[in-house]
Amino acid sequence: MCFKNLPIDFDEQGNAFLKEGVADPYEYKVVDLGEEQDKLKSLLSKNGFIRNVDYDPVTRVAGALAFHSVVDLEKRKVLSTNSMATLFRGYEVILKGRDPQDAAYISSRACGVCGGVHATTSALAIEMALGIKPPPLGIVMRNILLAIEYLYDHPLHLFLLSGPDYSEELVGATNPEIVAKAAKTAAKNQAVHGYKTILDIMKDLNPLKGKLYLEALSMTRVAREAYVAIGGKYPHPQSVVPGGISVTVTITTLNEVYTRLIKFFDYGQKVTGIWDDIFDFFLECDPEYAKCGIRPATMADTGVWDRPDYYDASFENCDTWGNARWATPGILIDGEVVTTNLRELNAGLEEFVEHSYYEDWNGHPYKTDPMGMPLSPNHPWNKDTIPKPGKQSWRDRYSWDTCPTWDRLPMEAGAYSRMYLTAKAQRAPASKFMENTGHSMKINVPKHTLPETTLEWSIPEHWNAFERNRARAYCIPYSAMVAMENWLLAQQLIREGETKVSTPYKIPKKGTFIGFGAWGAGRGFLTHHLIVDSGVIKNYQIITPSTFNAAPRAPWGAPGPYEEAVINTPILEKYNQPDDYKGIDILRAIRSFDPCMPCTTHIMSNNSDHVVSREVTTCACGIE
Amino acid sequence: MESSERVLVGTVGYHILRNHSVGPVLLPKLKQQDWPAGVSVEELNWGPIAIVQQMQALPEPYERVVLLVAIERAGRAIGNIDLFRWEGHLPDETQIQACVGDAATGVISVDNLLVIGEYFKIWPREVLLVDVEPGPETAGENLTPEVEAKVPVILQLVRRLAIEGAGEQDAIHPLRGDTLFETGTYNYGESRH
């Protein structure tokens with residue numbers, strides 16, 4: 001029994017049913033956010049230390065995110081937060097009425113980093129809807145492609161976007177006492193990364209000039225080169241199609257990938273050593289840092305990396321093939337696994353728009369999933385995207401992001417959720433490269449120029465900004481080893497003559513078909529829900545990791561993950577006057593999620609070529 | 001038509017945004033031309049960081065770069081063509097970081113390309129921009145009639161600049177990184193192509 005809030009029960013055979021005797025099973029309370037705003041307004045007028053702090057845009061994140069907070073600079077507390085996606089992402093509207101074969105290419109453009117992930121998720125949704133099972137080599141090559149995409153994404157975040165928050169330059173401006181201490185603190189992992197002191201590392205984290213910053217840029221090239229050997233191009237691959245991939249794979253292809261992949265064996269060791277040193281140092285410096293960005297480990301992940309002997313694309317078997325993945329799908333609530341089944345993960349999803357610039361929709365066409373599990377009217381298969389730009393108000397609507405929940409709980413998503421669930425659930429296949437212990441993941445990294453080693457990521461006691469980034473660092477060797485495992489499988493398949501990479505299919509011109517793709521971006525959870533009707537897309541719904549993480553308040557008032565994490569963040573920055581306050585602790589908390597607000601979105605309104613995204617006002621100044 | 005110089009003609013801009021996509025739309029026409037041996041024609045939409053890395057790896061650097069772009073600027077009519085010369089001068093480091101962040105996360109922008117290229121010192125002494133006024137951003141595959149009518153002029157200008165470089169007959173506006181992100185109306189004077 002995984003649902004506590006949705007009215008779904010299970011009989012003795014495990015069949016789900018809607019609880020009986022409930023008048024309106026999916027009703028929910030909508031609270032008035034105005035009361036909180038009235039209190040804040042009163043505080044702001046009386047106390048000079050209580051201030052509005054707005055970041056618009058939040059820099060060093062992908063895309064358009066703004067963040068509003070009210071802080072008490074005397075008590076060093078955050079009093080209120082609002083997360084705002086400031087641009088409309090209209091792919092759901094763009095895809096309506098189109099040929100499903102185009103979905104992978106169009107949805108890929110939803111992100112300039114994770115294009116391949118969107119393309120694959122789209123392919124998976126179509127495969128489920130139309131019953132297309134890719135051949136083993138097609139599945140394995142998609143796995144390698146995904147792992148490589150992570151090897152591009154994680155260094156980018158750790159050193160270009162989030163890393164500068166821990167650099168000598170930025171820390172020196174907000175907490176000079178930490179820099180002084182760093183100069184006297186030896187780095188524990190010097191043997192791996194070569195840095196003698198913590199300050200030496202912090203200097204090389206300096207943006208633009210630091211060696212670690214520049215090295216990460218060069219590693220993105222290594223990953224891109226490996227990626228294009230399979231995907232044709234990056235970030236929008238040309239070879240990901242429903243039914244597999246559309247490029248011939250030979251031993252030469254695999255060798256081209258391998259010569260790049262092995263560079264991440266050493267790099268994974270180095271990166272985990274660096275971030276272990278930095279985060280251990282900060283937490284030892286001031287244990288209060290453990291509260292930066294803290295929230296319960298309540299997370300969702302779709303799982304990724306299909307096993308060719310399990311994946312058949314069917315909805316009926318999705319729990320089986322989902323649980324067979326190298327990264328286990330599921331839901332964590334306060335650090336405990338409540339399900340690893342994709343059907344339950346799917347059935348618990350809802351999206352709410354009470355505080356977003358969308359109109360509510362009518363109708364509940366899919367009351368159950370194809371096997372009878374109840375679905376809410378707010379489930380993606382039932383949702384319609386109806387944009388409605390309007391006035392920004394903390395009392396009412398303030399974001400283009402929706403509020404997705406699972407079992408009515410705001411969920412966090414991230415690369416780390418993938419590793420946390422996999423380590424905890426212990427469902428992933430036995431592997432010579434990875435071992436899941438229930439409290440940690442051991443990663444056996446082969447030698448390249450550094451000797452072979454076993455790295456171990458342990459589930460932390462507190463889930464905070466530092467642990468998000470630490471886990472993300474460990475996702476580099478984790479992803480590299482999954483790529484290696486699949487690379488060996490690909491070699492074996494080619495040796496055995498299993499060189500087919502795709503399964504042909506046709507889009508039926510009659511009938512209705514539904515499916516969902518469950519895959520993972522660099523930032524975690526990604527689903528595409530699809531309905532094909534009479535040969536075209538009737539409905540398409542995308543939930544990205546940042547849809548979860550950047551969510552505004554739920555109708556019943558629960559804050560979204562960014563909002564909750566920042567509310568819980570103590571202000572540890574040093575300042576003499578309120579005007580000197582920079583907000584580094586808040587920004588560390590937000591950036592630890594690796595925000596990715598799909599941007600550069602353009603949508604044509606009916607019967608015109610007008611671009612809607614330009615109408616949106618994002619400035620937070622003067623908003624109620 | 002012989003040229004011993006190594007020249008890169010590059011197009012920058014999103015696809016399917018009508019006049020804003022003048023580079024991608026005209027790229028096939030540029031590629032079809034019979035160019036001297038030293039001239040390469042490339043789409044430069046695949047990320048400033050990747051472009052920097054590719055140019056750093058070239059055995060011989062380019063001596064001139066000509067970029068075809070379409071940037072909406074106040075005070076111009078749709079289809080106006082202006083010629084800019086990149087003069088370097090970086091913006092502050094926060095702005096450079098923002099450019100790198102945007103570039104690495106997929107944003108296509110000529111400003112980012114120029115600044116990041118400057119920071120990593122990939123640009124030759126002569127970087128010229130042929131900038132066509134696109135007007136407000138609208139969606140669509142084709143150019144509007146105002147810009148379509150200018151296509152021969154655009155192609156001719158790009159070709160001449162690539163082969164000969166800018167001459168005395170060209171009215172060239174300076175473009176600098178330290179003022180690139182300032183808002184305001186630029187005085188284009190009377191010179192237009």
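Predicted model: local features only at pLDDT ≥ 70, side-chain atom pairs only at ≥ 80, totals over all residues.
Student: Thanks! How many residues lie between β5(A) and β6(A) in their hairpin?

Tutor: Start with the pairing: strand β5 (residues 65-72) of chain A joins strand β6 (residues 77-85) of chain A in the antiparallel sense over eight bridges. In the turn, A:R76 has a positive phi of about 60°. The number of residues between the two strands of this hairpin is four.

Student: And which residue in β5(A) is the bridge partner of A:R51?

Tutor: Here we look at strand β3 (residues 50-55) of chain A, which runs antiparallel to β5(A) and is joined to it by six bridges. Within β5(A), the partner of A:R51 is A:V71.

Student: Are the residues on the two sides of β5(A) buried or exposed?

Tutor: Side chains in a regular strand alternate between the two faces of the sheet. In β5(A), A:L65, A:F67, A:S69 and A:V71 point one way, while A:A66, A:H68, A:V70 and A:D72 point the other way. On both sides, all of these residues are buried.

Student: Let's move to the sheet β12-β13-β14 (chain A). Which strands stand at its edges?

Tutor: This is an open sheet of three antiparallel strands. β12(A) pairs with β13 (residues 403-406) of chain A over four bridges, and A:F352 stands opposite A:C403 in β13(A). Each edge strand has a single partner, so one side of each is left without a neighbour in the sheet. Those strands are β12 (349-352) and β14 (409-410) of chain A.

Student: What is the relative accessible area of A:T405?

Tutor: A:T405 lies in strand β13 of chain A. Not counting residues up to four places away in sequence, A:T405 touches A:G348, A:L349, A:E350, A:F352, A:P410, A:F548 and A:W556. Buried means under 20%, and A:T405 is buried, with a relative accessible area of 0%.

Student: Finally, how are α12(A) and α16(A) oriented to each other?

Tutor: Helix α12 (residues 263-285) and helix α16 (residues 465-495) of chain A pack with their axes 9 Å apart, at an angle of about 165°. The contact includes A:W275 and A:F279 of α12(A), and A:Y474 and A:M481 of α16(A). By class, this contact has 15 nonpolar, three polar and four charged residues. Angles over 145 degrees count as roughly antiparallel, and α12(A) and α16(A) are therefore roughly antiparallel.

Terms used:
Residues numbered from 1 in each chain as written. Chains lettered and ligands numbered in written order. Heavy atoms only, no water. Pairing = 2+ DSSP bridges. Axes fitted to C-alpha atoms, helices over the stretch in contact; angles between N-to-C directions. Parallel < 35°, antiparallel > 145°, perpendicular 65-115°, else oblique. Contact = heavy atoms within 4.5 Å. Nonpolar A, V, L, I, M, F, W, Y, C, P; charged D, E, K, R; others polar. Buried < 20%, exposed > 50% of the residue type's maximum accessible area, 1.4 Å probe, protein only.
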